[in-house]
Amino acid sequence: MKLFVYHTPELTPTDCLPECAIVVDVLRATTTMAKVLASGGEAVQVFSDLDLLTQTSESWPVEKRLRAGERGGAKVPGFDLGNSPLDCIPDKVQGKRLFISTTNGTRALQRVENAKVLITAALVNRNAVVKYLLQNQPEIVWIVGSGWEGTFSLEDTVCAGAIAHSILQQTNLSANEIAGNDELISAIALYGQWQNDLLGLLHHASHGKRLLGLNSHEDLKYCAQTDILDILPMQQEPGILQSHT
Ligand code: 3SL
């Protein structure tokens, strides 16, 4: 198994796809997706276009759908939810499909939607992702950070490092043996430095600061937790993610 880290969807190769793609958006899309499915949500369906989201969700029974949307970190007016994982409690999401559009997470998912296997990772479900990788041993794995509008995000890279670190701990492989590119080595180093203060790292991150400006400190605290959700969101058909059992 070789792991490649790409800091943004734009940095992924365009002439090939991996056996397994892992999309990461710690703040906050993939944390929210893990939380929705862990709270009993039926599925998460992602859209880049808000009008298409509204139109598609119209065909779904009202009591079985939720519309969630974020632009610039804020909730889309008129939607049921923004992109806070804290809103996705069982009482609200159980048995429902979350129709969601976010700025960067959606773009990353669409970039690799044709990979053989597409899963999502955040710090909260890191262990479930690692378990899947160790059990299934995909040959080539891309960990794709969502970044922010095409730029690097500390929080997505630290999550990539957390995944790789856990693989190293659970196997007798060396970093050189699993590293597909230099970015993977730097992600492991980043996680090594911040593993005991992930919330502190999120406070340094530019998107963390943006969210703090929107009074989302509790979201940052939630997103900084590691291995609290035993859930693996996996794409079933392009744009639709469900819990992999
Ligand atoms: O860009 C995204 O996909 C979002 O996760 C950003 S936010 O955290 O909801 O602002």
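Mentor: Asp227 is partly exposed, at 33% relative accessibility. Keep in mind that this is a predicted model. The partner of Asp227 is Arg126, and their closest N and O atoms are 2.9 Å apart. Arg126 has a relative accessibility of 8%. That is under 20%, so Arg126 counts as buried.

Now take Asp230. Asp230 forms a salt bridge with Lys131, with the closest N and O atoms 3.7 Å apart. Again the pair links distant parts of the chain: Asp230 is in the loop between helix 11 and strand 9, Lys131 is in helix 5, and 99 residues separate them. Asp230 is exposed, with a relative accessible area of 65%. Lys131 is partly exposed, at 43%.

One further pair deserves a look. Arg67 and Glu58 form a salt bridge, and their closest N and O atoms are 3.0 Å apart. Arg67 is buried, with a relative accessible area of 14%. Glu58 is partly exposed, at 49%. That value is not over 50%, so Glu58 does not count as exposed.

These pairs are among the seven salt bridges that the structure holds. As a general point, side chains of opposite charge can pair when their charged atoms come close.

Notes
Residues numbered from 1 in each chain as written. Predicted model: local features only at pLDDT ≥ 70, side-chain atom pairs only at ≥ 80, totals over all residues. Heavy atoms only, no water. Salt bridge = Lys/Arg side-chain N within 4 Å of Asp/Glu carboxyl O. Buried < 20%, exposed > 50% of the residue type's maximum accessible area, 1.4 Å probe, protein only. Helix = DSSP H or I, 4+ residues; strand = E, 2+ residues; numbered from the N terminus.
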